[in-house]
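The following exercises are to be worked with the sequence and the coordinates at hand. Each task is followed by a solution in steps.

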Amino acid sequence: QVQLVESGGGLVQAGGSLRLSCAASGIIRPINTMGWFRQAPGKQRELVATITMTTDGKTDYADSVKGRFTISRDNARDNAKISVFLQMNSLKPEDTAVYFCNAETWREDYWGKGTLVTVSS
């Protein structure tokens, strides 16, 4: 059974920090990319950051979070349990959203249920 479980969301004041974690398990095929997406109320889901599972761990960020957010992963060599993290600094009220973890193989796209991040002004 495939599971992506996010944790670390919560309420924080503007300028503060949060660290999100995602634990993925049960994925049989090799994972190409893992990432974080977010969806604010009344808006479409958008990409926040991605990281490849290759040796170089190439990262990509939305312009709105560059320089503030950092995506990273653990060094698990198989899919038994892989974790990806999102360090969020200098948070802004516009970062308020439900944050979803994503894992992509060549054939499937898996999603977690999301964790709520609320940034107060």
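**Exercise 1. The surroundings of Thr-52**

In this predicted model, the side chains of Thr-52 and Thr-54 form a polar contact at 2.8 Å. Task: state which strand holds Thr-52 and which residues Thr-52 touches, not counting residues up to four places away in sequence.

Solution. 
- Step 1. Thr-52 belongs to strand E5, which covers residues 46-52.
- Step 2. With residues up to four places away in sequence set aside, Thr-52 touches Asn-32, Thr-33, Gly-57, Lys-58 and Arg-73.

**Exercise 2. Overall architecture**

Task: determine how many helices and strands the protein has, and compare its radius of gyration with the globule rule.

Solution. 
- Step 1. There are 0 helices and 11 strands in the protein.
- Step 2. The radius of gyration is 14 Å, close to the 14 Å given by the globule rule for 121 residues; the protein is therefore as compact as a globular protein of that length.
- Step 3. The C-alpha trace spans about 40 × 25 × 20 Å along its principal axes.
- Step 4. Of the contacts with a separation of 6 or more, 54% are between residues 24 or more positions apart.
- Step 5. The accessible surface amounts to about 6,800 Å², and carbon and sulfur atoms account for 48% of it.

**Exercise 3. The nonpolar core**

Task: identify the residues with the most contacts inside the largest nonpolar core and the elements that give two or more residues to this core.

Solution. 
- Step 1. Buried residues make up 42% of the 121 residues.
- Step 2. The largest nonpolar core contains 30 residues, and Met-34, Trp-36, Leu-86, Met-88 and Tyr-99 have the most contacts inside it.
- Step 3. Two or more residues of this core come from each of strands E3 (18-25), E4 (33-39), E5, E7 (69-73), E8 (82-88), E9 (97-104) and E11 (115-120).
- Step 4. As background, nonpolar side chains tend to be buried together in soluble globular proteins.

**Exercise 4. A buried glutamate**

Task: decide whether Glu-6 is buried or exposed, and find which backbone nitrogen its side chain reaches at 3.2 Å.

Solution. 
- Step 1. Glu-6 is located in strand E1, residues 3-7.
- Step 2. Its relative accessible area is 11%; since the limit for buried is under 20%, Glu-6 is buried.
- Step 3. The side chain of Glu-6 reaches the backbone nitrogen of Lys-113 at 3.2 Å.
- Step 4. Glu-6 and Gly-112 are 106 residues apart along the chain, with their C-alpha atoms separated by 6.6 Å.
- Step 5. Neighbours within four places in sequence aside, the contacts of Glu-6 include Cys-22, Trp-36, Tyr-99 and Cys-101.

**Exercise 5. The aromatic pair**

Task: classify the geometry of the Phe-37 and Trp-111 rings.

Solution. 
- Step 1. The ring centres of Phe-37 and Trp-111 are 5.0 Å apart and the planes stand at 70 degrees, so the pair is edge-to-face.
- Step 2. Because Phe-37 lies in strand E4 and Trp-111 in strand E10 (residues 109-111), the pair ties together parts 74 residues apart in sequence.
- Step 3. Phe-37 is buried at 17% relative accessible area, whereas Trp-111 is partly exposed at 35%.

**Exercise 6. The backbone at Ser-90**

Task: locate Ser-90 and describe its phi angle.

Solution. 
- Step 1. Ser-90 sits in the loop between E8 and E9.
- Step 2. Its phi is near 50 degrees, a positive value in a residue other than glycine.
- Step 3. With 41% relative accessibility, Ser-90 counts as partly exposed.

Terms used:
Residues are numbered from 1 along each chain as its sequence is written. This is a predicted model: local features need pLDDT of at least 70, side-chain atom pairs count only at pLDDT 80 or more; totals for chains, interfaces and linings use all residues. Side-chain values use heavy atoms; hydrogens and water are left out. Helices (H or I, at least four residues) and strands (E, at least two) are DSSP runs, numbered from the N terminus. A polar contact is a pair of N or O atoms within 3.5 Å; within protein, one must be able to donate a hydrogen and the other to accept it, and residues adjacent in sequence count only if both atoms are side-chain atoms. Contact means heavy atoms within 4.5 Å. A nonpolar core is a set of buried Ala, Val, Leu, Ile, Met, Phe, Trp, Tyr and Cys residues joined through side-chain atoms within 4.5 Å. Buried means under 20% relative accessible area, exposed over 50%, partly exposed in between (1.4 Å probe, protein chains only). The radius of gyration is taken over C-alpha atoms; the globule rule is 2.2 Å times the number of residues to the power 0.38. Accessible areas come from the Shrake-Rupley method with a 1.4 Å probe; for residues, only the protein chains shown count as cover. Rings of Phe, Tyr and Trp (its six-membered ring) pair if their centres lie within 6.5 Å; planes under 30 degrees apart count as stacked, over 60 as edge-to-face and the rest as tilted.
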